[in-house]
Amino acid sequence: MKLSHFNFNLPKELLAEFPAENRDESRLMVIDRKKQTIEHRMFKDVIDYFDDGDVLILNNTKVFPARLYGNKEKTGARIEVFLLRELNAEQRLWDVLVDPARKIRIGNKLYFGDDDSLVAEVIDNTTSRGRTLRFLYDGSYEEFRNKLTELGETPIPKYINREVTPEDADRYQTIYAKEEGAVAAPTAGLHFSKHLLKRLEIKGAKFAEVTLHVGLGTFNPVEVEDLSKHKMDSEELKITQEACDIVNEAKAKKKRICTVGTTSMRAVESSVSSQNTLNPYDGWTNKFIFPPYDFSIATCMITNFHTPKSTLLMMISAFCGHDLMRKAYDEAIKEGYKFYSYGDAMLIL
């Protein structure tokens with residue numbers, strides 16, 4: 001399939017600027033691939049589709065406050081610094097994006113905080129906007145990380161054209177987030193409330209946790225018509241033996257296995273054995289899933305509504321079937337579903 005197959009007209013007003021008032025009260029579109037049907041429900045109704053022994057695979061990555069604002073030495077120009085990944089903890093080296101990039105060159109220093117208590121020096125150019133920074137800070141590593149958290153801002157997506165609120169620090173994070181390292185939330189999981197997870201547990205559903213630290217590469221635009229030529233950025237992935245045991249037992253018993261989000265799907269599809277079971281993993285993945293693709297682990301998935309030409313939409317098309325996906329998206333636009341990070345959800349059976 002080609003890039004142009006994934007283009008559609010998305011009205012701007014359908015891009016969600018705020019989350020639903022309550023996590024589990026966003027809308028839920030339920031798609032049955034066998035029956036080729038579409039239903040309209042509320043997210044808390046997702047419990048109706050899971051029974052004893054069914055498994056939900058959750059990405060337990062935790063978003064860190066990755067967006068900082070500093071001032072350039074001498075000129076005082078305000079510079080946005082987006083922390084992508086830590087390269088060396090001992091030397092406090094970070095891979096970052098800067099904006100505006102044209103003003104930032106090797107050797108420049110940036111000052112953060114009202115008291116300039118944190119300083120960074122640019123030591124390399126990596127891409128047009130990418131830089132490597134060495135942070136200069138007198139305290140311990142723990143104190144340094146605490147300072148980044150104190151000065152950083154919740155990295156809600158750029159399309160949300162408003163100031164970050166205290167609510168975002170909570171709502172742009174799943175309730176089961178544990179392992180810090182993501183710069184974007186695994187957004188399908190944002191719909192789960194503690195109450196809903198407890199109800200699922202009481203019903204007998206099991207949870208397998210994986211960790212895939214979401215990077216901005218997931219959202220990079222695809223710029224080639226031939227999808228086989230697109231390269232995904234690598235993201236750090238960890239799958240424990242415990243998670244594998246939960247998933248593989250359910251698979252052996254032919255129970256329903258649901259990946260919560262495209263990141264969970266990428267995670268499990270990155271470590272499949274020759275017997276189509278889930279293997280433990282500790283490393284990086286740059287797996288790109290687009291049609292046609294044979295999925296090995298999940299029998300269903302929960303996801304949000306994605307933007308045109310995105311790699312996320314391509315994965316959904318591969319899992320749902322392209323024609324049914326297009327029909328569902330046409331219906332979502334007609335019915336006013338909200339799209340993207342704070343948007344509504346879809347359950348594909």
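Author: Asn 161 lies in the loop between helix 1 (141–151) and helix 2 (166–171). The model is predicted, so what follows describes a prediction. Asn 161 counts as exposed because its relative accessibility is 68%, and the cut-off for that word is over 50%. Along the chain, Asn 161 and Leu 97 are 64 residues apart, and 19 Å separates their C-alpha atoms.

Next come the strands. Strand 8 covers residues 109–112 and has two faces: Leu 110 and Phe 112 are on the covered one, while Lys 109 and Tyr 111 are on the uncovered one. Strand 8 pairs with strand 5 (residues 67–72), the two running antiparallel and joined by three bridges. It also pairs with strand 9 (residues 118–125), again in the antiparallel sense, over four bridges. Strand 8 and strand 9 together form a hairpin, with five residues between them. Gly 113 sits in that turn and has a positive phi of about 90 degrees.

A positive phi also turns up after a helix. Gly 204 follows helix 3, and its phi is near 105 degrees. Helix 3 itself spans residues 194–202, and its buried residues are Leu 196, Leu 197 and Leu 200. These three lie on the same side of helix 3, because they cover an arc of only 100 degrees around the axis. That buried side packs against strand 3 (55–59) and strand 12 (206–212). On the face turned away from it, helix 3 carries the exposed residues Lys 194, His 195 and Ile 202.

Sorted by class, the lining of the second largest pocket has seven nonpolar, four polar and six charged residues.

The largest pocket has a volume of about 920 Å³. Of the 36 residues in its lining, Phe 82, Leu 84, Val 183, Gly 215 and Leu 216 are the closest to its centre. Strand 6 (78–88), strand 7 (93–99), strand 11 (179–182) and strand 13 (235–239) each supply at least two lining residues. Strand 6 has the largest share, five residues. In the lining of the largest pocket, 17 residues are nonpolar, eight are polar and 11 are charged.

The cavities come last. For this step, a cavity is a space where a 1.4 Å probe fits but cannot get out, whereas a pocket is open. The model has four cavities of 30 Å³ or more. The largest cavity holds about 140 Å³ of space. It is lined by 17 residues, and those closest to its centre are Ala 185, Thr 187, Thr 262, His 306 and Leu 312. Helix 5 (262–269) and strand 16 (300–304) each give at least two residues to that lining. Eight residues of the lining are nonpolar and nine are polar, with no charged residues.

The second largest cavity has a volume of about 80 Å³. Its lining consists of Pro 19, Ala 20, Arg 23, Ser 26, Arg 171, Leu 190, His 191, Ser 341, Tyr 342 and Gly 343. Here the classes are four nonpolar, four polar and two charged.

Terms used. Residues are numbered from 1 along each chain as its sequence is written. This is a predicted model: local features need pLDDT of at least 70, side-chain atom pairs count only at pLDDT 80 or more; totals for chains, interfaces and linings use all residues. Side-chain values use heavy atoms; hydrogens and water are left out. On a 1 Å grid over the protein atoms alone, a cavity is a set of points where a 1.4 Å probe fits but cannot get out, and a pocket is an open set with protein on both sides within 12 Å along at least five of seven lines; lining residues have an atom within 4 Å of a point. Grid points are joined across faces, edges and corners, and a volume is the space filled by probe spheres set on the points. Ala, Val, Leu, Ile, Met, Phe, Trp, Tyr, Cys and Pro count as nonpolar, Asp, Glu, Lys and Arg as charged, and the others, Gly among them, as polar. Buried means under 20% relative accessible area, exposed over 50%, partly exposed in between (1.4 Å probe, protein chains only). The arc is that of the directions from the helix axis to the C-beta atoms. Contact means heavy atoms within 4.5 Å. Two strands pair if DSSP finds at least two bridges between them.
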